[in-house]
Amino acid sequence: MKDEKLFIFHPSSFIFLVSIMAVKITTTNVSKFFPSRGRVVTAVKNFNLQVQEGEFVCIVGPSGCGKSTFLRILGGLTPVSSGEVQLVPSQSGAPLQSIVFQEYAIFPWKTVTDNVAFGLEMRGVAPKERRAIASDWLKKVGLTKFADCYPHQLSGGMKQRVSIARAFANDPEILLMDEPLGALDAQTRAVLQEELIRLWEASRKTVVYITHSIEESVFLGDRVILMTAHPGTFKSEFAIPFARPRAFELTGTPEFSRLTYAIWKELQGEVKRAMEQQQ
Amino acid sequence: MKLDLETRDRLLSIGFPILLLLLWELIVRIGWLDERFFSAPSTVLVALWTMTAKGELLGQLWLLPEAIAKNGWDGAIKILSEGHLWVSLFRIFGGFFLGAIPGIVLGVVMGMNRTVRVALDPVVSAVYVLPKIAILPLVMLIFGIGETSKIVVVGISSFFLVLINTTVGVRDIEPIFFEAAKNYGANRWQTFWHVIIPGALPVIFAGLRLSLGTALIVIIAAEFVAAQYGLGYLIWFSWQTLLTEKMFAGLVVIMILGALFTGGLQFIEHKLMPWQREERPATAEAKSV
């Protein structure tokens with residue numbers, strides 16, 4: 001029951017929000033506690049976030065800071081312990097949010113096509129239509145040749161392409177990405193970052209993107225939000241001024257380096273604190 | 001001439017057993033082994049043939065068309081029920097399905113539901129360790145000495161093996177698959193068909209393979225003591241009357257059955273779980289030879 005409460009939307013606040021701007025996600029003082037060996041561990045503490053419609057927001061924090069937990073809360077997989085989460089739907093019929101998971105969460109027992117069409121199948125889209133949509137997305141991520149393969153026949157990069165295509169094919173209003181490229185090697189990662197930014201710039205969906213890579217967040221995001229070390233809470237935020245469409249050349253510019261360095265200086269202390277905590 | 005490794009392996013795996021059989025034949029022929037206790041392979045082969053021809057093993061199949069014309073299904077069943085092989089097969093598969101289907105259903109429930117699992121686990125573990133043939137007398141007290149009790153005993157042994165494997169299989173599914181299913185809007189029924197069943201299927205099949213093997217053991221043992229037909233009865237009766245070649249013939253039939261069961265299940269597994277097929281070449285094994 002607690003899960004569902006997340007998505008209950010209060011009409012009064014809707015009018016209030018729309019009157020200012022098209023706010024898509026609002027979290028107010030969100031906290032998450034876990035019982036652990038007789039103690040209560042705070043994973044996320046009083047986290048406030050507002051995301052506009054069509055905005056690409058990256059959340060960066062040291063490992064173990066609770067950023068993944070926060071995303072799971074947004075995705076309705078974990079209930080909040082206190083605070084409030086609002087995801088504002090604007091069209092009926094489309095799913096509100098879909099997650100691109102950290103690890104390879106595509107189903108090993110389904111073909112690439114069936115994986116990409118999974119969300120559509122669950123929503124009762126007819127087989128012919130969902131296969132057409134899936135094959136369209138497979139074309140966009142360059143996996144047409146592998147449509148009938150099973151995941152174990154794919155490389156890590158290809159698997160994560162399937163995972164990304166599954167989310168886009170589901171056509172949600174909000175995409176929640178939990179370090180989708182975190183497990184990949186640096187080169188594959190660079191290629192997928194470019195693909196991702198291309199896909200997103202064509203659709204302009206609202207995105208919350210969790211990563212521990214500052215470069216990645218500056219390259220992809222409109223706004224970068226920094227989280228403190230455990231217990232994770234809002235630290236500061238940076239607006240990313242670079243024009244779109246963006247290409248990988250951006251990462252070679254002095255402006256890019258200056259900004260990533262500025263963010264690193266801000267985050268450095270938290271990362272050290274996180275490392276001390278883990279000892 | 002140098003054979004490639006695969007051809008050599010194949011020749012060796014076929015050739016060596018044949019060599020052993022020839023050796024056995026030879027030792028019996030020259031009288032080093034007592035013919036009365038160890039029938040020569042050729043004698044066993046002849047026994048197999050005569051038993052088939054007389055209708056002992058498969059029933060009097062040549063009477064089938066006439067019997068069907070006269071009495072329909074009942075006629076056919078009557079003829080087949082005089083063949084030891086069919087009788088045992090009927091008991092094995094009857095019991096196998098009787099046990100496996102509820103085993104899968106309850107296993108999924110135990111895998112998914114903590115309350116049910118915690119409550120049933122001690123009971124299941126306790127009954128599981130009991131050799132199932134030991135409860136044959138109890139089952140016969142309840143179901144009488146007819147077919148039912150044999151099928152029930154096989155069913156009970158299959159049930160527990162499949163139940164335990166299914167529970168483990170369901171529990172071992174990565175939580176992330178359930179989360180992905182939930183996030184993409186799967187309801188309970190869809191989660192069952194798209195995550196639980198395919199996710200647990202490899203382990204469920206391991207349970208089915210085990211339980212089919214156990215079914216064979218249990219039914220032979222049951223037929224030793226409580227039957228007038230069946231392969232177990234054939235072996236037991238042949239021993240008592242010192243018809244050793246028929247005893248060996250029974251053993252051969254059981255070996256063939258066991259091999260067919262394993263092969264058949266592997267075939268079904270292959271068809272049912274195409275994602276499990278290994279596309280990688282088995283180089284590691286070849287190197288170690």
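**Close-up views of a predicted two-chain model**

**View 1. I99(A) stands opposite L176(A) in strand β6 of chain A.** The model is predicted. I99(A) belongs to strand β5 of chain A, residues 97-100. Strand β6 of chain A covers residues 174-178. β5(A) and β6(A) pair in the parallel sense, over four bridges. Both faces of β5(A) are covered. Q97(A) and I99(A) are buried on one side. S98(A) and V100(A) are buried on the other.

**View 2. Three strands of chain A form an open sheet in the order β2-β1-β4.** The pairing is antiparallel. β2(A), residues 39-52, is an edge strand. So is β4(A), residues 82-87. Each of these edge strands pairs on one side only. Direction ignored, neighbouring strands of the sheet are turned by 20 degrees against each other on average.

**View 3. β1(A) and β4(A) pair in the antiparallel sense.** Strand β1 of chain A runs over residues 23-36. Five bridges link β1(A) with β4(A). Within this part of the sheet, T26(A) stands opposite Q86(A) in β4(A).

**View 4. β1(A) and β2(A) form a hairpin with two residues between the strands.** The two strands pair in the antiparallel sense over ten bridges. K32(A) has V44(A) in β2(A) as its bridge partner. R37(A), in the hairpin, takes a positive phi near 45 degrees.

**View 5. Chain A as a whole contains ten helices and nine strands.** Its C-alpha trace spans about 50 × 45 × 45 Å along the principal axes. The radius of gyration of chain A is 19 Å. A compact globule of 279 residues would have a value near 19 Å, so chain A agrees with that expectation. Buried residues make up 43% of the 279 residues in chain A. Consider the contacts in chain A with a separation of 6 or more: residues 24 or more positions apart account for 74% of them.

**View 6. Chain B meets chain A through 15 residues of chain B and 19 residues of chain A.** On the chain B side, two elements give two or more residues each: α9(B), residues 175-183, and α10(B), residues 188-225. The largest share of this side comes from α9(B), with six residues. By class, the chain B side divides into eight nonpolar, four polar and three charged residues.

**View 7. Helices α5 and α11 of chain B pack at an angle of about 130 degrees.** Helix α5(B) covers residues 84-112, and helix α11(B) covers residues 231-240. Their axes are 7 Å apart. Angles over 145 degrees count as roughly antiparallel and those from 65 to 115 as roughly perpendicular. The angle here is about 130 degrees, and α5(B) and α11(B) are therefore oblique to each other. From α5(B), the residues in contact are H84(B), L85(B) and S88(B). They meet L231(B), G232(B), Y233(B) and L234(B) in α11(B). This contact has four nonpolar and three polar residues.

Technical notes
Residues are numbered from 1 along each chain as its sequence is written. Chains are lettered from A and ligands numbered from 1 in the order in which they are written. This is a predicted model: local features need pLDDT of at least 70, side-chain atom pairs count only at pLDDT 80 or more; totals for chains, interfaces and linings use all residues. Axes are lines fitted to C-alpha atoms, for helices over the stretch in contact, and angles run from 0 to 180 degrees between N-to-C directions. Angles under 35 degrees count as roughly parallel, over 145 as roughly antiparallel, 65 to 115 as roughly perpendicular and the rest as oblique. Two residues are in contact if their C-beta atoms, placed from the backbone, lie within 7 Å. Ala, Val, Leu, Ile, Met, Phe, Trp, Tyr, Cys and Pro count as nonpolar, Asp, Glu, Lys and Arg as charged, and the others, Gly among them, as polar. Two strands pair if DSSP finds at least two bridges between them. The radius of gyration is taken over C-alpha atoms; the globule rule is 2.2 Å times the number of residues to the power 0.38. A residue is buried if 20 or more other C-beta atoms lie within 10 Å of its own, exposed if 12 or fewer, and partly exposed in between; C-beta atoms are placed from the backbone.
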